[in-house]
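Student: Could you take me through one part of this structure up close? I'd like to see how its pieces pack together.

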Amino acid sequence: MGQVQSPWDVPDSWEPALEAAREGGVLLLIGGVDSGKSTLAAILAAEAHQAGRKTAVVDADIGQASIGPPTCVSLGMVEGEIRGCEDIPLAALDFVGSPSPKGHLLQCATSAAVMTAAARAAGAETVVVDTTGLIAGSAGRGLKSAKVRLTGADVVIALQRDEEAEHLLAAYARRRRPRVVRLACSRKVKPRTREERAARRQRHLAAYLAGGHTMEVSWEDLPLENTALGAGEPAPGHVRAHAEEMLGCEVVHAEWGGEGLFVVVSGRLDSSALRALGEGFEGRAVACEVSALENRLAGLLGEQGETLGLGIVERVDFAARRLHIYTPLKEVSRARGVRMGAIQVARDGTQLAWKGEPGAGGEDGCNTGGQGRHPVGLESAGRFGVGEEPENRIGLEAGMEDQSREATLLLVRHGETTWNREGRVQGQQDAPLSERGREQARLTAERLSKMMVSAIYSSDLGRAKETAEAIAAPHNLTPQFARALRERSFGVLEG
């Protein structure tokens, strides 16, 4: 048993990890979602501090951050007794821009390296690096391998329920460094539901943003990063007029740069029209909707690119070329730039939408589109889709094929109908919902109101339409109805 006694019940089998913390160096933690990494990070940090080591924790779990706000890799310096990572004061942070590492692997690895270097520069002898739960597949291998290399990890500590992290550890089998320590997950770990994780993220972001103020600044004074906006020269008036004619919607901003024509439009984009526009610009035309640039979480950067704090770019005045930013940062005069993030949020921390993957063909929600609010589809036979990280196509690069992002579908049947209750075959006959069916639709809508929904698709039959409209109401959406989504016809058997 190690020196740590309270408030944790530390298994004897964890002694090798405690010893590594006492010895010092960079300890990088690996484990899946809800494996107990953050608790282990606190235990190791407390052990190192009690052993007289100057100790730091790099919180690189950008989705379930404990030290700083979500979407950032944070650095905390241990100054006294702690009962969890939340007790460690924030010393510095580096803005990644997303609560998920998917699509942001480079940013996650880079930020972890930057914060580890900052810990070393502050004199930390033991640096504990907590990481996200992404360990599966090539993305998990690539991210963890990069973090091991860029942080200069001396010890990799793997928390496993079975052998789920072994594919990440195999590469180090014959190396002297990093040394690998394997630990079994504690049986006391309590898994969180997706809703609980989202609620925790919202609370932490709300707490960080509380008590902020609004600043108005020219984007020339605070140059933008992770966006094409402001990177080029204003496009001539005739180019803007031509773009409006081709796209069939108002162009509120247009500029020309090394990557071609970039336009911001008020209205819905059509990918074929954008491709046609691009043909006149050597296949290089990128567009995004005004809404994609509103309420964007952003990092305010100092003169060396360090993250001073976070803010929300709530509105862009394209005519005046000015940004309206809400931020809790007090010393805004130190800011020298803005790093645009991939999500849209409200001041209370609520995530409104997911607008792209900067650096992965989706900055600004442009090019082939990015991650957005959940698309929902419903047909009378009960097919209903919700995506965890789906596309919200707010922009397409001309000449490029639509490339779908990964999506997870949630299937939900319409509410009970009067014919369901009577045992009659419906097919394409338009039986109405029963009172029980309307209550089922209401309860389904209440459950899905906690999710971020971007679009709803439904058959045009009444039972599906009524269910879809109930679900759409909390999201202020209008369902898209299509005859093609109807249930199959059963001919003379119907009724």
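Tutor: Helix 7 (residues 237–247) and helix 8 (residues 271–279) pack with their axes 9 Å apart, at an angle of about 145°. Helices here are DSSP runs of H or I with at least four residues, strands are E runs of at least two, and both are numbered from the N terminus. Axes are lines fitted to C-alpha atoms, for helices over the stretch in contact, and angles run from 0 to 180 degrees between N-to-C directions. A quick word on the source: this is a predicted model, where local features need pLDDT of at least 70, side-chain atom pairs count only at pLDDT 80 or more, and totals for chains, interfaces and linings use all residues. Residues are numbered from 1 along each chain as its sequence is written, and side-chain values use heavy atoms, with hydrogens and water left out.

Now for who touches whom. From helix 7, His242, Ala243, Met246 and Leu247 meet Ala273, Leu274, Ala276 and Leu277 of helix 8, where contact means heavy atoms within 4.5 Å. By class, that contact has seven nonpolar residues, one polar and no charged ones. (Ala, Val, Leu, Ile, Met, Phe, Trp, Tyr, Cys and Pro count as nonpolar, Asp, Glu, Lys and Arg as charged, and the others, Gly among them, as polar.)

Which way do they cross? Helix 7 passes helix 8 in a right-handed crossing. A crossing is right-handed if the near helix is turned clockwise from the far one by less than a right angle, and left-handed if anticlockwise.
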